[in-house]
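Subject: Structure handover

Hi,

Here is the structure you asked to take over. My notes follow below it.

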Amino acid sequence: MSDWFEVENRVRYCETDAMGVLHHMNYIQYYEMARTEYFRANGGNYRLMEERGLFLVIVDVQCKYKKPAKYDDLLTLRVRVSRMSGAKLEHEYEVLRGEELLATGSTVLACLNRDGEIQRMSNELLYGDSNDATAID
């Protein structure tokens, strides 16, 4: 659907296991880091969105590990929107060390209000742009 957005991140010692390998749970945190920066780069602001009473919550997450990342590796975290519909936002992820693909993943986020009710997303709700209140298909 869209081009990849990239963020670099170096594996910290505290993120590794006794063998110096990036612990599997950190890939999900890396996905969140990339997704948040992608949202910010496109004019979004989680803090303002939540102040408006909207929350994007994970309803599904997938991660496929191909090769291990290790302490001090410089990684490229890639993210793109794969699908958007009324109240749902889907992303794809890749984690690379140089040109080497280490992991792939995906997330599905749902848009909820403070009461936990599903909300239809619009550019205005997500980005605060009152000039473009079009709903997302």
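Which residue in strand 3 is the bridge partner of Phe5? It is Val79.

Some ground rules. This is a predicted model, in which local features need pLDDT of at least 70, side-chain atom pairs count only at pLDDT 80 or more, and totals for chains, interfaces and linings use all residues. Numbering starts from 1 along each chain as its sequence is written, and side-chain values use heavy atoms, without hydrogens and water.

**Overall**

The protein chain has 3 helices and 5 strands. Helices (H or I, at least four residues) and strands (E, at least two) are DSSP runs, numbered from the N terminus. Along the sequence the pattern reads β-α-α-β-β-β-β-α. Of the 137 residues, 40% count as buried. Buried means under 20% relative accessible area, exposed over 50%, and partly exposed in between (1.4 Å probe, protein chains only). The chain exposes about 8000 Å², and carbon and sulfur atoms supply 47% of that. Areas come from the Shrake-Rupley method with a 1.4 Å probe; for residues, only the protein chains shown count as cover. Among contacts (heavy atoms within 4.5 Å) with a separation of 6 or more, 64% join residues 24 or more positions apart.

**Strands**

Strand 1 (residues 5–10) pairs with strand 3 (residues 74–85) in the antiparallel sense, over 6 bridges. Two strands pair if DSSP finds at least two bridges between them. Strand 3 also runs antiparallel to strand 4 (residues 88–97), with 9 bridges. These two form a hairpin with 2 residues between them. Arg80 stands opposite Glu92 in strand 4.

**Glu6**

Glu6 lies in strand 1. It is partly exposed, at 49% relative accessible area. Beyond its neighbours within four places in sequence, Glu6 contacts Thr76, Leu77 and Arg78. Its side chain makes a polar contact with the side chain of Arg78, at 3.3 Å. A polar contact is a pair of N or O atoms within 3.5 Å; within protein, one must be able to donate a hydrogen and the other to accept it, and residues adjacent in sequence count only if both atoms are side-chain atoms. Arg80 is 74 residues from Glu6 along the chain, yet their C-alpha atoms are separated by 9.0 Å.

Thr16 sits in the loop between strand 1 and helix 1 (25–41). Thr16 is buried, at 14% relative accessibility. A polar atom of its side chain lies 2.7 Å from the backbone oxygen of Tyr13.

**Helix 1**

Helix 1 has 17 residues and should span 24 Å at 1.5 Å a residue; its end C-alpha atoms are 25 Å apart, which agrees. The expected span is 1.5 Å times one less than the number of residues. Its buried residues include Asn26, Tyr30, Ala34 and Tyr38. Just after helix 1, Gly43 takes a positive phi of about 95°.

Over to you.
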